[in-house]
Amino acid sequence: MLLYSGQNFQLDGLRRIVAGMAGSTSEEVSIVVSPYRICPLGAHIDHQGGSVSAMTINMGILLAFVPSGTSQVTLLSGQFKGEVRFRVDEIQQPKHSGIANGAIKAKDSELEECNWGRYARGALYALQSRGNNLNQGITGFICGSKGLDSSGLSSSAAVGIAYLLALESANNLSISPTENIEYDRLIENEYLGLNNGILDQSAILLSSYGCLTFMNCKTKEHKLIHPHPPQLHKNHVNGTAMAYKILLACSGLKLALTSDKGYNCRVAECRSAARILLDACGKPHLEPLLSNVEHDEYEAHKDKLDPLLSRRAEHYFTENMRVIKGLDAWTSGMLVEFGKLITASGQSSIENYECGCEPLIQLYEVLLKAPGVFGARFSGAGFRGCCIALVDANQAQEAASFVIKEYSRLQPELASKIEPDTVVLICDSGHCARIITGR
């Protein structure tokens with residue numbers, strides 16, 4: 001039985017791989033399940049302390065592991081070549097600080113480490129930086145959903161959380177989900193140098209099947225929003241209940257956020273807008289985050305912003321409003337209205353936040369024309385990866401076929417780089433990250 005739709009390794013197969021690596025029995029192997037996430041509403045505002053909504057999907061990362069019995073960490077990947085090896089008693093330093101990190105020195109090893117081993121080291125860095133004492137390494141094998149380009153689904157946060165949970169389990173550390181949100185933020189912000197917020201980690205660690213996770217990224221308060229009736233929403237025409245599916249449409253664009261200046265540049269622009277607005281309303285002492293600016297203060301002083309910063313602030317304040325309206329729509333079962341808000345979020349991401357590029361925008365527009373689609377937007381930062389859509393469950397397959405045909409016509413070269421079975425995927429909501437212990 002596959003844990004995730006499209007997962008390329010069965011649980012028993014993963015256990016056998018790690019048992020062979022460690023010289024243990026399959027029964028001793030535990031598996032971390034760390035799902036990917038989508039963000040229907042709340043795009044690009046978590047780093048400013050805004051309100052966001054999210055849910056996990058039934059695809060993601062699996063990390064099979066056993067405690068190594070020593071301080072040694074040994075890892076293999078189902079997607080990437082090479083073996084990662086380091087010790088938990090090595091002091092980790094942020095990669096972007098320019099300080100040498102660990103004992104891996106060969107050029108090929110450095111390249112491999114840059115590709116995937118850095119997240120395991122980042123997890124160790126996060127745990128060390130908060131005073132946790134680790135003396136037990138792990139032997140592990142990590143893999144993602146087969147053939148899926150997970151760009152835009154927060155695969156980096158899913159990987160970081162998987163390593164955190166495995167290292168904590170091996171060392172008998174009792175860490176709450178809220179603490180792990182902070183630990184994964186340290187991996188991304190401090191260790192990797194990416195100035196993102198806490199949306200991704202929060203969704204992966206706090207979500208529940210069938211629910212929309214709401215989080216105020218300023219206060220860290222969160223709640224799970226159940227649809228009424230569960231898993232069904234009202235048809236806006238006749239009031240009958242309707243089920244939904246999630247479409248993932250892959251663009252074929254690949255670029256690591258840590259190597260792209262666009263993301264951190266947008267964050268800096270939002271902070272610059274916040275600084276000007278806070279100074280204008282007599283709050284120069286507050287941290288330059290747009291969440292520290294009240295909406296009426298923004299309206300009173302937005303004319304002081306230049307056109308670029310004005311667009312960034314406009315996206316923040318209108319997206320925050322869309323999140324609040326979206327919660328009401330979801331709770332009331334008005335999926336059509338919820339979808340319209342998702343589409344408006346996507347449009348603001350293009351016009352005001354100015355992310356995206358021609359292939360992503362074309363994919364977004366194709367999704368909006370697909371039969372049964374309620375709403376669509378970019379997934380993730382909007383510089384690569386995929387778009388998401390909520391679709392009437394009865395028309396999901398028809399919509400997927402339409403998107404494949406139209407996107408392949410518009411972007412034949414990019415579409416040809418995607419495995420045919422994963423150009424568009426039909427997904428369900430998922431659970432939060434967790435550990436499945438040995439049988």
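**Exercise 1. Helix α3 and its end**

Just after α3, asparagine 172 takes a positive phi of about 55°. Keep in mind that you are working with a predicted model. Your task: find how far α3 reaches from its first C-alpha to its last, and explain why α3 counts as largely enclosed.

*Solution.*
- Step 1: Locate the helix. α3 covers residues 155-170, which gives it 16 residues.
- Step 2: Look at its span. From first C-alpha to last, α3 reaches 23 Å, close to the 22 Å expected at 1.5 Å a residue.
- Step 3: Check burial, where a residue is buried if its relative accessible area is under 20%. In α3, 15 of the 16 residues are buried, so the helix is largely enclosed by the rest of the structure.

**Exercise 2. Strand β6 and its partners**

Work out which strands pair with β6 and in which sense.

*Solution.*
- Step 1: Find β6 at residues 212-216; four of its five residues are buried, so use the word "mostly covered" for this strand.
- Step 2: Take the partner β2 (residues 51-67). β2 and β6 pair in the antiparallel sense over four bridges, and alanine 54 stands opposite threonine 213 of β6.
- Step 3: Turn to β7 (residues 222-225), which runs antiparallel to β6 and is joined to it by four bridges. Here leucine 212 faces isoleucine 225 of β7.
- Step 4: Follow the chain from β6 to β7. The two form a hairpin with five residues between them, and lysine 220 in the turn has a positive phi of about 70°.

**Exercise 3. The largest cavity**

Describe the lining of the largest cavity by residue and by class.

*Solution.*
- Step 1: Searching the whole structure for cavities of 30 Å³ or more gives one. The largest cavity holds about 30 Å³ of space.
- Step 2: List its lining: Val52, Ser53, Ala54, Leu199, Ser202, Ala203, Thr213, Phe214 and Met215. The elements giving two or more residues to this lining are β2, α5 (199-206) and β6.
- Step 3: Sort by class. The lining has six nonpolar and three polar residues, with no charged ones.

**Exercise 4. The second largest pocket**

Say which residues lie closest to the centre of the second largest pocket and how its lining divides by class.

*Solution.*
- Step 1: Start with the space, about 340 Å³. Of the 18 lining residues, the closest to the centre are Asp46, His47, Gly197, Glu287 and Leu289.
- Step 2: Note the helices. α4 (177-191) and α6 (261-280) each supply at least two residues of the lining.
- Step 3: Sort by class: this pocket's lining has four nonpolar, eight polar and six charged residues.

Conventions: Residues are numbered from 1 along each chain as its sequence is written. This is a predicted model: local features need pLDDT of at least 70, side-chain atom pairs count only at pLDDT 80 or more; totals for chains, interfaces and linings use all residues. Side-chain values use heavy atoms; hydrogens and water are left out. On a 1 Å grid over the protein atoms alone, a cavity is a set of points where a 1.4 Å probe fits but cannot get out, and a pocket is an open set with protein on both sides within 12 Å along at least five of seven lines; lining residues have an atom within 4 Å of a point. Grid points are joined across faces, edges and corners, and a volume is the space filled by probe spheres set on the points. Ala, Val, Leu, Ile, Met, Phe, Trp, Tyr, Cys and Pro count as nonpolar, Asp, Glu, Lys and Arg as charged, and the others, Gly among them, as polar. Buried means under 20% relative accessible area, exposed over 50%, partly exposed in between (1.4 Å probe, protein chains only). Two strands pair if DSSP finds at least two bridges between them. The expected span of a helix is 1.5 Å times one less than its number of residues.
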